[in-house]
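Look at how the chains are placed before turning to single residues. The explanation below starts where they touch and then turns to one chain.

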There are 2 protein chains.
Amino acid sequence: MAEPEALAESKPWESLLELARRGDATSLRQQVDALPEADRVHAFAHLAPEERGEVLALLDPERAAEVVASLPEAYAAEAMGELAPQAAAGILEELGSDARADLLGQLEAHEAEAILAEATPETAESVRTLLQYPPESAGGLMVTEYVAVPEDATVQEVVSHLRTHVERYAGYVVQYVYAAGPDGALRGVVPLRDLLLARGDRSIASILIRDPVCVRADASLDELFELFDRHAFLGLPVVADGKMLVGILRRQDVDAARVQRAEANQLKARGIVGGEELRSMPVLTRSARRLSWLSINIVLNVVAASVIALYQDTLQAVIALAVFLPIISDMSGCSGNQAVAVSLRELALGVTRPTEAMRVWTKEILVGCLNGLALGLLLASVAVLWKGNPTLGFVVGAALALNTVVAVSIGGTVPLLIKRLGYDPALASGPVLTTVTDMCGFFFVLSLATLVLPMLRG
Amino acid sequence: MAEPEALAESKPWESLLELARRGDATSLRQQVDALPEADRVHAFAHLAPEERGEVLALLDPERAAEVVASLPEAYAAEAMGELAPQAAAGILEELGSDARADLLGQLEAHEAEAILAEATPETAESVRTLLQYPPESAGGLMVTEYVAVPEDATVQEVVSHLRTHVERYAGYVVQYVYAAGPDGALRGVVPLRDLLLARGDRSIASILIRDPVCVRADASLDELFELFDRHAFLGLPVVADGKMLVGILRRQDVDAARVQRAEANQLKARGIVGGEELRSMPVLTRSARRLSWLSINIVLNVVAASVIALYQDTLQAVIALAVFLPIISDMSGCSGNQAVAVSLRELALGVTRPTEAMRVWTKEILVGCLNGLALGLLLASVAVLWKGNPTLGFVVGAALALNTVVAVSIGGTVPLLIKRLGYDPALASGPVLTTVTDMCGFFFVLSLATLVLPMLRG
């Protein structure tokens, strides 16, 4: 509870905006510099998109770029879209090549073009190169800051070149130097360490690693994850059209893509599936994205609940059953979702393949039987304690036990089948699971109850 | 559907085990080398822990270490535990310092000690150093492979030293050289690039970056994530007891910890909360871990459903309501979970703070009203179409609309409150949410129905 309430109440975003509107660039700069990064992100999150633009417009491009780079991508892109193209282009120059492409890729095409028209030709070309590739590919993740040297240069020449252009390469992640032929084709790589340890008069050709591991620009995220798991490289050259060097892919960018995917899956697991949501986005966008998921679910829910409508007479006779229907629906969902989680994890780790549904199923029914027994006994006891009717206990306990086995069977195998069909199992497994388990659960309780109705009433 | 069924049916794990049991080391080695990494991981996943030990025992330590490094950590640790301590120690020597500590940290203390007793003194010391720190801290994630040089050495001397010990440093990630005083205290860092570009007769002291950014060995994951977001470094020195250099923390290890946390949160979102589960683990362990979550949920479910029991007379009178109770419970859970997801994400991004529940709430009710209206109208139409009773439509539609607002309010704010209380919001938000929204949902439907009962019956 020792939260810095005082700080939260000082509302630094209000003073940022006020300084920007007053045109007081010096004080604004001082205030931005004085805010720790976490507070800066938090303050910018409290500004509306156009307000973020107002503040950025009054900062020098270098400082503005630093702020933009620290913001969540959606905010940063919005803010860039609010700036005058020339101001946005100034900030663009201060960003890394991949950040440039990521930001412009989120803008409308005409907004991005307006900014690129104001950028230097090299920057514009680099961004256009990167934007050719889908964001979730090697080309979309790579950077174009790399050092390429001719194969026939000597170590001494390369070191002198690096020394002379030390300014230009300051922002580069120079861990490797790439040797290219006169046609621009990749010939090999020289780790910086080897350059350091080699005698100055040796030629690059004599120390380079030939046929280095490289990656196609259109390689998918899954291929990249596997490649970087297998090799300890800090970066790999990216090639297109055979052997043309087009960029380098750094391990940190592949790692960032992996974090992003895991976070997207986390959102999907809770039903945010129509695209990222931050509460600063317009209400209608947020509502529409959430409804896209909810409206599918309500239809499936109605379908599942229609099973109950078939047994109205039984329910009428034993109204206590109505208390147990939502419990059985919810608990089966819980059990099934656990099995979904383990299947998604095993698929991601590569220890289970989409073809192995039978193997998964045999492993699930064991756990399903044990847990079904435990939960069924628990629920049966509740029913007996409440109504003193052992038959009611038997009906709801047996239904929950049976349905737990069904739920883990569906939950375990459905992700594999969805993956086999080429869809995203993190997205589709939940609704399939809950619909089927609800229908089965309602059927088990109500049909069992119908069978033993005389004893239930007694 | 173009799955490699033939390959899946060849069951490479069976032939690996057979070769190991026959003691045919040469063929076993060939077969291991012939399997692509993904197939090797998959094959080892199909072996029981003791079988994995049998296969590894017959491989040379280098190859065995390569296999161990590629397996999910839980499998790798199990397999190490099955090996004779001497064989395990041989494999240990071939692994990086952080992998060694991660594996031994998962074994029982006496198993780990038995293996360390067979390892070289340097390895044993390095592992013991790393195991002092919790796995989710800078000390637990760092590696002990770094190059420390005296401050008063010249560039030429350091380069010669690196050249002479090129074998020893082969497995190191030499991006920086660390300058330490005679007392072992960190004085500064020299990026490899600066070493390359500096003249040989300059002293390290004259080119080193003094007071470099460094990190305490006990720094938490959240501090590390923020630090590596803020700085572009590939690695940072880790210090303990003031300024003593104890290891280096590489960006890739921080990234890996971030992926791991996101994946753990993904599992939590679906109810795997008692610890990692792979289907090769013993059934009783798996069942017990899942039940730890399910048993809490069933109690909460019973509490929530007890609201229904209070309105048995109303239900008895209008049995159609029983069909809508599970729909309202499930849909409110969906809406609420979406709000939970957005709150968890905003907390992780730092754009929302645990103290800002009011702000979140004002943003949620807008979306809740819109979505509640849409879903309520939909469900009301279903009720009217089914029973031709507008009052029934009004009751279930209004209840769902109201409860959607409740659900997003709870879902949006509860993660902040749980975080403020110091608990894990990814874990506890779900059960709190569904219990409260179920109770409210049942109450809304049934109390509204009771109010308008004469018209409902009509």
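Contact here means heavy atoms within 4.5 Å. By that rule, 120 residues of chain A are in contact with 119 residues of chain B. This is a predicted model, in which local features need pLDDT of at least 70, side-chain atom pairs count only at pLDDT 80 or more, and totals for chains, interfaces and linings use all residues. Residues are numbered from 1 along each chain as its sequence is written, chains are lettered from A and ligands numbered from 1 in the order in which they are written, and side-chain values use heavy atoms, with hydrogens and water left out.

Buried area is the accessible area (1.4 Å probe) that two parts lose on being put together, summed over both. Between chain A and chain B about 11,200 Å² is buried, and carbon and sulfur atoms give 62% of that area. Leu196(A), Arg270(A) and Arg279(A) supply 9% of what chain A buries against chain B, more than any other three residues.

Side chains of opposite charge can pair when their charged atoms come close. A salt bridge is counted when a side-chain nitrogen of Lys or Arg lies within 4 Å of a carboxyl oxygen of Asp or Glu. There are 14 salt bridges between chain A and chain B. One of them joins Glu276(A) to Arg345(B), with the closest N and O atoms 2.7 Å apart. On the side of chain A that touches chain B, helix H20 (residues 321-349) gives the most, with 20 residues. Helices (H or I, at least four residues) and strands (E, at least two) are DSSP runs, numbered from the N terminus.

How are the two copies related? A rotation of 180° with 0.0 Å of shift along its axis superposes chain A on chain B, with an RMSD of 0.2 Å. That is the relation of a two-fold axis. Copies are superposed by least squares on the C-alpha atoms of residues with pLDDT of at least 70 in both. Of the interface residues of chain A, 99% are also interface residues in chain B, so the copies meet through the same surface.

Now take chain A by itself. Chain A has 24 helices and seven strands. Its C-alpha atoms fill a box of roughly 95 × 60 × 45 Å, taken along the principal axes. Within chain A, Glu18(A) forms a salt bridge with Arg22(A), the closest N and O atoms being 2.8 Å apart. These two residues are four apart in helix H2 (residues 12-22) of chain A, which means that about one helical turn separates Glu18(A) and Arg22(A).
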